[in-house]
Amino acid sequence: MKVLAGRAALSVARAARALAKVKTVAPAATGITARWVHLVDEARPLTEPELAQLRQMLDYGPSDVPDAAAVIAPAQTKLWIAPRLGTTSPWSSKATDIARVCGLSAVLRIERAVEYTVTGFDPNGSALPAKQLGAALADRMTESVITDE
């Protein structure tokens, strides 16, 4: 499986709403960033031209704007929110179909997740708890929280 990083997943307004949700479980959170991560299941390794074409197809969304708080914050917690494990999302079905129509027959499936980076310390000086952050950000009926890369 190939992992391809994407662009920012949240607008400034949506990031502010996500931070407000996070602060309900971790008041010490100081910032949040989110980016798309694409998971590509391949029948065989993609050639360089195929990989370049796929990267171009998956280059969507707002350009990344560095978050100053994320750059200088001493503690960061990373977590990933993906469609519920064991399911195929509607986005995945459509993206996989598009890739195949565009000649990328080696692509068996494309799925996407959101990689969140939350900055700040909890009261005892350690990183914020990823499971609690994920519970605040994810819809437990349709999404899974992954806390380990």
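Q: Which element gives the largest share of the lining of the second largest pocket?
A: That share comes from strand β4, which supplies 5 residues to the lining of the second largest pocket; bear in mind that the model is a predicted one.

Q: And what is the volume of that second largest pocket?
A: The second largest pocket has a volume of about 480 Å³.

Q: Which residues are the closest to its centre?
A: The second largest pocket is lined by 20 residues, and of these L10, W36, V114, Y116 and E143 are the closest to its centre. Among the elements, those that give two or more residues to the lining are helix α1, which covers 12–25, and the strands β3 and β4.

Q: How many nonpolar, polar and charged residues are in that lining?
A: Sorted by class, the lining of the second largest pocket holds 12 nonpolar residues, 6 charged ones and 2 polar ones.

Q: Let's step back, how many helices and strands does the protein have?
A: The secondary structure comes to 5 helices and 5 strands, and along the sequence these follow the pattern β-α-β-α-α-β-α-β-α-β. As for overall dimensions, the C-alpha trace spans about 50 × 30 × 25 Å along its principal axes.

Q: In what order do the strands sit in the sheet?
A: The 5 strands form an open sheet in the order β1-β2-β4-β3-β5, and their pairing is antiparallel. At the edges are β1, made of residues 2–8, and β5, made of residues 143–146, each of which pairs on one side only. From one strand to the next, the twist averages 30°.

Q: Which helices pack on it?
A: Helix α2, residues 48–57, packs on the sheet and touches β1, β2 and β4, with its direction making about 35° with that of β1. Helix α4, residues 90–101, also packs on the sheet, where it touches β2 and β4, and its direction makes about 130° with that of β4.

Q: How many bridges join β2 to β4?
A: Strands β2 and β4 run antiparallel and are joined by 12 bridges; as one example, D41 has R109 in β4 as its bridge partner.

Q: What about β1 with β2, and β3 with β4?
A: Strands β1 and β2 pair in the antiparallel sense over 5 bridges, and K2 stands opposite V40 in β2. Strand β3, residues 76–83, is joined by 6 bridges to strand β4, residues 107–119, and these two run antiparallel as well. Here K78 has T117 in β4 as its bridge partner.

Q: Where do the side chains of a regular strand point?
A: In a regular strand, the side chains alternate between the two faces of the sheet.

Q: Changing topic, how many aromatic pairs does the structure hold?
A: The structure holds 1 aromatic pair. The partners are W36 and Y60, and the pair counts as tilted because the ring planes stand at 45°, while the ring centres are 6.3 Å apart.

Q: Which parts does that pair tie together?
A: W36 lies in strand β2, whereas Y60 is in the loop between α2 and α3, so the pair ties together parts that are 24 residues apart in sequence.

Terms used:
Residues numbered from 1 in each chain as written. Predicted model: local features only at pLDDT ≥ 70, side-chain atom pairs only at ≥ 80, totals over all residues. Heavy atoms only, no water. Pairing = 2+ DSSP bridges. Helix = DSSP H or I, 4+ residues; strand = E, 2+ residues; numbered from the N terminus. Axes fitted to C-alpha atoms, helices over the stretch in contact; angles between N-to-C directions. Contact = heavy atoms within 4.5 Å. 1 Å grid on protein atoms, 1.4 Å probe; cavity = no way out; pocket = protein on both sides within 12 Å on 5 of 7 lines; lining within 4 Å. Points joined across faces, edges and corners; volume = space filled by probe spheres on them. Nonpolar A, V, L, I, M, F, W, Y, C, P; charged D, E, K, R; others polar. Phe/Tyr/Trp six-rings, centres within 6.5 Å; stacked < 30°, edge-to-face > 60°.
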